[in-house]
Amino acid sequence: MPIFGQGLDQFETNTRLIYPHNFILQTLYDGGLLLLFYIVILFRKMSQKLKYCSKDEFILSWII
């Protein structure tokens, strides 16, 4: 598996399968390890932010 991935929506083109039925596998195939690393950092930052926000900010973040 390459570090940079195969590119978005290339799974069906390269493997002739419709969908891998696994979000982590799809992310690794499309974006590689760098995209997975970025997603993990993004979710950690969001969870830290949501711990210290008001109720209105919390609801607004879920709506967005």
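The mean pLDDT (the predictor's confidence in each residue, from 0 to 100) of the protein chain is 82, with 98% of residues at 70 or more. Within this chain, helix H2 (residues 23–51) has the highest confidence, at a mean of 84, and helix H3 (residues 55–63) the lowest, at 80. Helices are DSSP runs of H or I with at least four residues, numbered from the N terminus. The model is predicted, and local features need pLDDT of at least 70, side-chain atom pairs count only at pLDDT 80 or more, and totals for chains, interfaces and linings use all residues. Residues are numbered from 1 along each chain as its sequence is written, and side-chain values use heavy atoms, with hydrogens and water left out.

Helix H2 contains a kink of about 120°, centred on Gly-31; the bend at a residue is the angle between axes fitted to the seven residues ending there and the seven starting there. The end C-alpha atoms of H2 are only 26 Å apart, whereas a straight helix of 29 residues would span 42 Å at 1.5 Å a residue, the expected span being 1.5 Å times one less than the number of residues. Gly-31 is among the buried residues of H2, as are Asp-30, Gly-32 and Ile-39. Buried denotes under 20% relative accessible area, exposed over 50%, and partly exposed in between (1.4 Å probe, protein chains only).

Asp-9 lies in the segment before helix H1 (11–15) and counts as exposed because its relative accessibility is 63%. Ile-59, in helix H3, counts as partly exposed, since its relative accessibility is 41%. The C-alpha atoms of Asp-9 and Ile-59 are separated by 32 Å, the two residues being 50 residues apart along the chain.

How values were computed
Helix = DSSP H or I, 4+ residues; strand = E, 2+ residues; numbered from the N terminus.
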